[in-house]
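Q: Could you take me through one part of this protein closely? I would like to hear about the sheet and the packing around it.

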Amino acid sequence: MKEAITSELKQRWGYEVVLEKPKDKKFGHYATPIAFTLAKEKRKAPHLIAQELAQLLDNSPLFEKVEPIKGYVNLKLSETFLDQLATQALKKPQEFGKANLNQNLLIEFVSANPTGPLHIGHARGAVIGDALSRIGKHLGNKITKEYYINDAGRQIELLGLSIFLFAREILGKEVTFPEEYYRGEYVRELAKEALEVFPKEEFEKEEIIPKLSEWGKEKMMERIVSTLKEVGIEFDSFVSEKELYRYWDEVFELLKANGAVYEKDGKIWLKSSEYGDEKDRVVVREDKRPTYLAGDIIYHYLKFKRGYDRYINIWGADHHGYIARVKAAIKFLGFDPDKLEIVLAQMVSLLKGGEPYKMSKRAGNFILMEDVIKEIGADALRFMFLTKKSDTHLEFDIEMLKKEDSSNPIYYINYAHARINSVVEKSNFSYDEIVEVELKGLNEEAKSLLFNALTLPEVLQEAFIKREIQKVTDYLKALSAQFHSFYNQHKVLGSEFEKQYLKLFLTVALAIRVGLALLGIEAKKRM
RNA sequence: GUCCCGGUAGCUCAGCAGGAUAGAGCAUCGGAUUCCUAAUCCGAAGGUCGUGGGUUCAAAUCCCGCCCGGGACACCA
């Protein structure tokens with residue numbers, strides 16, 4: 001819709017025009033402050049320019065009214081134009097909102113360590129990454145969703161050790177726990193299971209620890225994947241950190257050749273400070289073991305070799321300090337670091353009835369994503385995380401999401417969708433009959449509702465381009481509110497506008513259905 | 001100390017590539033149901049946009065200083 005309008009304006013005015021949404025409905029559907037911009041160049045008062053521009057649109061079929069006010073040109077779309085767009089959308093519902101952005105994108109998200117179950121912070125990144133992927137795909141991009149598994153290093157050793165110790169404790173042996181180990185209840189459960197899987201005598205010796213590490217990691221990965229699946233998230237590929245290290249020599253040679261590294265105190269350092277990092281970073285320790293950063297360098301090297309147009313990483317905000325060094329490494333490897341974009345998901349804190357959410361016993365010290373799903377359901381979980389910008393600290397009350405009324409936006413939106421479904425079912429018209437009817441003589445509220453339903457495509461684009469998915473949830477809430485209001489005001493069945501209103505409603509339902517689907521939520525037909 | 005994020009209505013947050021009277025939801029108060037789902041709607045009230053400067057026709061929005069809150073500053077991942 002927006003494209004059709006801007007191209008019409010460009011044709012008639014000869015300028016690229018920025019369309020804005022006026023603050024007040026009475027100013028029409030769109031407005032442009034272009035006269036202000038031209039005022040300097042033309043040395044003429046904005047309101048005069050606006051008047052001239054308005055006249056040029058006198059006989060355009062797109063607009064019902066073009067009005068210059070104080071330098072703004074306010075545009076009101078014609079009913080015929082809106083009707084055309086609605087018909088088009090309803091005839092090819094699966095096409096609604098699609099675009100041709102045509103980029104090949106790699107989105108990496110979650111990537112939680114396989115040393116424990118997912119917690120609520122992971123959930124935020126997971127949901128954001130998934131929704132972004134869905135929207136991106138709808139807009140014509142090719143999207144690959146990837147999970148980077150940190151299955152190497154000390155943490156995995158620690159996991160094995162922790163299972164080992166818990167198992168021995170269960171066996172009634174004397175155990176002294178070190179300062180650092182995984183102490184969540186889930187480790188005890190793993191230990192119990194390990195005792196069934198491995199012969200008991202193996203727990204006499206520490207040799208079993210690496211086996212437990214490997215086994216425990218697999219177990220945790222399975223659990224993580226299944227939790228994600230519960231909220232409808234699936235990945236296209238998993239990359240194992242451990243398996244990357246066979247490329248280390250190749251990458252290291254390249255870094256050396258590009259003058260990216262040097263030796264000092266027996267360690268190998270990356271000159272990351274040359275490209276914006278605070279200081280240089282160790283990539284190989286004195287004992288020759290590569291650091292975590294080395295793994296990430298290999299990972300991004302291989303990523304960039306795969307040749308995507310852009311790479312999006314969704315990281316927890318606590319990793320922000322990491323951005324500079326990874327980008328520096330990418331630069332040293334001869335790739336363009338600007339192609340890597342980091343979306344930071346800020347911290348989450350939960351309340352329950354105004355009190356801080358009780359920590360799950362099983363988790364030890366954090367809130368399990370699994371528990372929250374059980375508590376409020378996958379849809380509500382997804383929705384609440386998508387309502388807030390990813391980079392703002394988020395605090396919310398779980399009780400709110402359990403309520404089944406307007407304080408729980410997901411119910412509110414679903415209710416709008418279900419109401420429409422119900423009215424359409426009760427009418428005697430078929431879908432095709434309704435789509436064919438011409439919209440004519442509708443009142444202002446109806447036209448405004450129709451217009452807003454047709455805005456979904458531009459909302460999706462803005463949300464995707466800015467990586468701000470809350471624009472979609474905001475939109476859906478607003479559209480539903482407008483619908484509910486209309487519904488209360490106008491009787492549909494039996495009215496002389498019955499068919500027309502049904503067409504309007506179907507368009508609203510389509511926007512809701514498509515919008516929710518792209519957030520990973522299926523719109524309810526009945527409630 | 002350095003870096004990142006935030007500070008807008010009682011609460012949770014939009015708005016921020018400058019633009020028309022600062023918005024929404026929740027909570028509060030008052031109304032609406034012989035009628036397609038009241039899981040809804042209508043109305044009221046609620047603001048020094050953290051603070052002090054600057055940029056200009058125009059600043060919640062851009063720049064600088066300061067204050068407050070959260071986070072990060074590993075040879076851990």
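A: Happy to; we start with the sheet and then turn to the packing. This is a predicted model, in which local features need pLDDT of at least 70 and side-chain atom pairs count only at pLDDT 80 or more, while totals for chains, interfaces and linings use all residues. Residues are numbered from 1 along each chain as its sequence is written, and side-chain values use heavy atoms, with hydrogens and water left out.

The open sheet has five strands, ordered β6-β5-β4-β10-β11, with parallel pairing (strands are DSSP runs of E, at least two residues, and helices runs of H or I, at least four, numbered from the N terminus; a pair needs at least two DSSP bridges). At the edges stand β6 (237–240) and β11 (340–345), each with a single partner strand, so one side of each has no neighbour in the sheet. On average, neighbouring strands are turned by 25° against each other, direction ignored (axes are lines fitted to C-alpha atoms, for helices over the stretch in contact, with angles from 0 to 180 degrees between N-to-C directions). Four parallel bridges link β4 (residues 104–108) to β10 (residues 310–316), and isoleucine 107 sits opposite isoleucine 312 in β10.

Helix α8 (residues 208–230) lies across β5 (142–149) and β6, at about 145° to β5. Leucine 228 touches, among others, Val110, Tyr147, Phe235 and Met369, leaving aside residues up to four places away in sequence (contact means heavy atoms within 4.5 Å).

Notes. Chains lettered and ligands numbered in written order.
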